Amino acid sequence: MPTPLAHALVATDLDGTLLRPDDTVSARSRTALGRAAAAGARHLIVTGRPVPGIRALLADLAYTGLVVCGQGAQLYDAGAGRLLRSTTLDREAADTALGKIEAEAGAVFAAVDQDGADGVTLIETGYRMPNPTLPAQRVDSRDALWAKPVIKVLVRHPELGDDALAAVARGAVGDLATVTMAGPGTVELAPYGVDKGTGLTTAGELLGVGAERIVAFGDMPNDLPMFAGSGLRVAMGNAHPELRAAADEVTLTNAEDGVAVVLERLYG
C-alpha cells in the first residue's frame, strides 16, 4: 500500500507570502506548486481578501480548487465559480464595536468588505487602502457602510500603529467581533469566532485532509489560527515577530520566493 503523503495540503496566505511585493506569483513559485501537485498535494489559498479581490489572480494561476477568503468568513469554489459558505458580521455589532474603539483611541477610519461573490469594498472619507491594487468605492458617511451585509470591517487610526490599534480593539470590542492584524495598515474586525483557522478546518474536512498533514505558510498575526490547525508551520522571512515565534521554521521572504524554497525541499 502506498505511503500517505506527509504534507497532502499546502495552505498559503497571499499578501506577503505567496505573492511577491508587486502582487504577482513568480515562475519559480508556480513551478514549485506544480511539483507539489504532481506529488499528489493540493494547494489551498487562505487569504484575508474577499472573493472579488482574488478572481483575477485565480484565473492567472488556473486555480480551480477551494479558497478560504475574507479571514475565514468565505469558502469559495474557484472551479465552479460559486460561494459555498459565507458568515456575515452583524452590522449593528460592527458599528457598536467601532464606537467602542473610538471611545478608547479617538476617531478611526473604516472600510467594509460586503458579503457575496460580487460584494464591493466600501471606504469612508479618510480611509486609505493599504493595497492600492484592490478596488474600492468611497462613501460619504459611515452609515453608508452598512447599506448591505458585510463580512468584515477594516480599521485605520491616524496615529496608532497596527499592533497598538489591534491591542486597543481587542480590549474594546470583546465578543462583538474577532480582531486581527492582517498586514501593514490592516487591522480588521471579522465575525466573532471566525478566522483563518476555522476556514482552514472547514476546507480540510471537505478535502479529507487532517491538520497533521497540512503545511501552512504565512506572514502576519492573522495567520496564527491557520498555524494552530497545521502540522508544519512556515513563517516567511518578512513575517511579523508573533508569527515567527509560532513557526516550526522560517523561510526566505516573499520577494525571495520563500514558499518555493520549502516546497522544493518537501516535494523535490
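Predicted model: local features only at pLDDT ≥ 70, side-chain atom pairs only at ≥ 80, totals over all residues.
Ile214, Ala216 and Gly218 point one way from strand β12, Val215 and Phe217 point the other way, and all of them are buried. Buried here means a relative accessible area under 20%.

What lies beside β12? Strand β1, residues 9–12, pairs with β12 in the parallel sense, over 4 bridges. Within this pairing, Val10 has Val215 of β12 as its bridge partner. Strand β13, residues 232–235, also runs parallel to β12 and is joined to it by 4 bridges. Here Phe217 stands opposite Val234 of β13. Val215 and Phe217, the residues named in these two pairings, point the same way from β12, and both are buried.

Next comes a helix. Helix α6 spans residues 196–207, which makes 12 residues. From its first C-alpha to its last it reaches 16 Å, close to the 16 Å expected at 1.5 Å a residue. Several of its residues are buried, among them Lys196, Leu200 and Thr202. Glycines of α6 are buried too, including Gly197, Gly199 and Gly204. At the start of the helix, a side-chain oxygen of Asp195 reaches to within 2.8 Å of the backbone nitrogen of Gly197. Just after the helix, Gly208 takes a positive phi of about 70°.

Most residues other than glycine have a negative phi. Ala62 is not a glycine, yet its phi is positive, at about 55°. Ala62 sits in the loop between α3 (55–61) and β3 (66–69). Asp257 is not a glycine either, and its phi is positive as well, at about 60°. The loop that holds Asp257 runs between β14 (249–250) and α9 (258–267).

Asp257 has a relative accessibility of 11%. Because buried means under 20%, Asp257 counts as buried.

Methods:
Residues numbered from 1 in each chain as written. Heavy atoms only, no water. Buried < 20%, exposed > 50% of the residue type's maximum accessible area, 1.4 Å probe, protein only. Pairing = 2+ DSSP bridges. Expected span 1.5 Å × (residues − 1). Polar contact = N/O pair within 3.5 Å; in protein donor to acceptor, adjacent residues only side chain to side chain.
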